[in-house]
Amino acid sequence: MKRLKIASLPGDGVGKEVVPAAQTVLKAVSNVHGGMQFDFTEYPWSCEYYLEHNQMMPDDALERLQDADAIFLGAVGNQKLVPDHISLWGMLIKIRREFEQVINIRPAKLLKGITSPLTNPKDFDLLVVRENSEGEYSEVGGRIFRGEDEVAIQNAIFSRRGTERAMRYAFELAAKRRKHVTSATKSNGIVHSMPFWDEVFQAVKSDYPDIESDSQHIDALAAFFVTQPQRFDVIVASNLFGDVLTDIGAAIMGSIGIAPAANINVNGKYPSMFEPVHGSAPDIVGKGIANPIGQIWTAKLMLDHFGEEELGVKLLDIIEDVTAARILTPDLGGKYATEDVTAAIVDRVHKL
Ligand code: NAD
Ligand code: IPM
Ligand code: MN
């Protein structure tokens, strides 16, 4: 029996609705599988926790998470209670950094039965590899002076090691897919980091002669995501570019509520963290209509991570069977509730 310790962090808002939904699916998957069991330990860390303890997580949080086989996170953020930069840097970004989850993989593909906002979408199936530890997300900088003289300085950090690591990861993934990598750049406007990014990309690509590659400015690339998403296989992007691109990827799939993501610790020292692309969705919280597919597809990425790719493929097929049957939450134009979509998926898992 493979026993997997999962640290469950529902977090804030709809995270508390979709994490339990996805856990129900994972339990059903393990019942069918027989040889695998998930032991969930839930931690209540959130903005509400902050109000009580003046911190997002206790001092020993990372020690407590360290032994988990994976972390399963919903969403963090409730701006009514805690400013975003405090809640996110105190929890989500802190875990990504301390646990060296330097790569964020975010697939986007068209699922059956879902109407994309694109008028005439061709089948697309792309994967964004987002550098997850540096780039534009940096604490280097500060604010000086006051009033009209005030200046905010925000430095971006691009290390050769971090940049190359993300690019190699993208090429390795492309080798198992359609063998094409696109680099998201902005070397026409950003004068230090992006020419450096291009140089590293040129060097890395020469190690992968069997993989085709190209480089696109991020603005044009964002437009191509809307007009021709089918032309992309793997895209490698800096932290911020990858963040924005993957919300576009989610949007062209039909809803940000279905997009999955995996924060990968590549050196095996710490657990990886599985967390959908979307946030805490304060506008729909408590209504029971949050789309659970983002979190459930994220669970599929966790199965892949545990070497259960076959099961992962089956789970995605089941998700697609449910979307094809138009059992959809309102964000996708349906009338169903979170629990209806979850039940339809669990039902099909039982029949595996
Ligand atoms: P958001 O992703 O929470 O919401 C954007 C829109 O998408 C909203 O209309 C929302 O209702 C919809 N949406 C999101 N998830 C959905 C789901 N599962 N089903 C149906 N609709 C869904 O982005 P935001 O409004 O910019 O952020 C809200 C809060 O979440 C902020 O505090 C933000 O910082 C935080 N946030 C956290 C994460 C994370 O923890 N990974 C990611 C993004 C945003
Ligand atoms: C994401 C989110 C986070 C990010 C925010 C909430 C800090 O948007 O996971 O996509 O920018 O990484
Ligand atoms: Mn984002």
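The legends below describe close-up views of a predicted model of a protein with its ligands.

In this model, local features need pLDDT of at least 70, side-chain atom pairs count only at pLDDT 80 or more, and totals for chains, interfaces and linings use all residues. Residues are numbered from 1 along each chain as its sequence is written, while chains are lettered from A and ligands numbered from 1 in the order in which they are written.

**View 1. Confidence of the predicted complex.** The mean pLDDT of the protein is 97, and 100% of its residues reach 70 or more, pLDDT being the predictor's confidence in each residue, from 0 to 100. For the complex, the predictor gives an ipTM of 0.99 and a pTM of 0.98.

**View 2. The surroundings of ligand 2.** Leu88, Leu92, Ile93, Asp243, Val277 and Gly279 surround ligand 2. This shell comprises 4 nonpolar residues, 1 polar and 1 charged.

View 3. Helix α12 covers residues 338-350, and its 13 residues should span 18 Å at 1.5 Å a residue, which agrees with the 18 Å between its end C-alpha atoms; the expected span is 1.5 Å times one less than the number of residues, and helices (H or I, at least four residues) and strands (E, at least two) are DSSP runs, numbered from the N terminus. The buried residues of α12 are Thr338, Val341, Thr342, Ile345 and Val349. They cover an arc of only 100° around the axis, which puts them on the same side of α12, the arc being that of the directions from the helix axis to the C-beta atoms. A residue is buried if 20 or more other C-beta atoms lie within 10 Å of its own, exposed if 12 or fewer, and partly exposed in between, with C-beta atoms placed from the backbone. Asp347 and His350, on the other side of α12, are exposed. The buried residues of α12 pack against α1 (15-33), α10 (293-305) and α11 (309-324), two residues being in contact if their C-beta atoms, placed from the backbone, lie within 7 Å.

View 4. Within helix α8 (residues 218-227), the residues Ile218, Leu221 and Phe225 are buried. They cover an arc of only 55° around the axis, which puts them on the same side of α8. Asp219, Ala220 and Thr227 are exposed on the other side of α8. The buried residues of α8 pack against β8 (180-185), β9 (212-217) and α9 (239-253).

**View 5. Two loop residues with positive phi.** Glu100, although not a glycine, has a positive phi of about 45°, and its place is in the loop between α5 (92-98) and β4 (103-109). Glu100 counts as partly exposed because it has 18 C-beta neighbours inside 10 Å. Ala281, also not a glycine, has a positive phi of about 45° and is placed in the loop between β12 (272-274) and α10. With 22 C-beta neighbours inside 10 Å, Ala281 counts as buried.

Conventions. Near = placed C-beta within 6 Å. Nonpolar A, V, L, I, M, F, W, Y, C, P; charged D, E, K, R; others polar.
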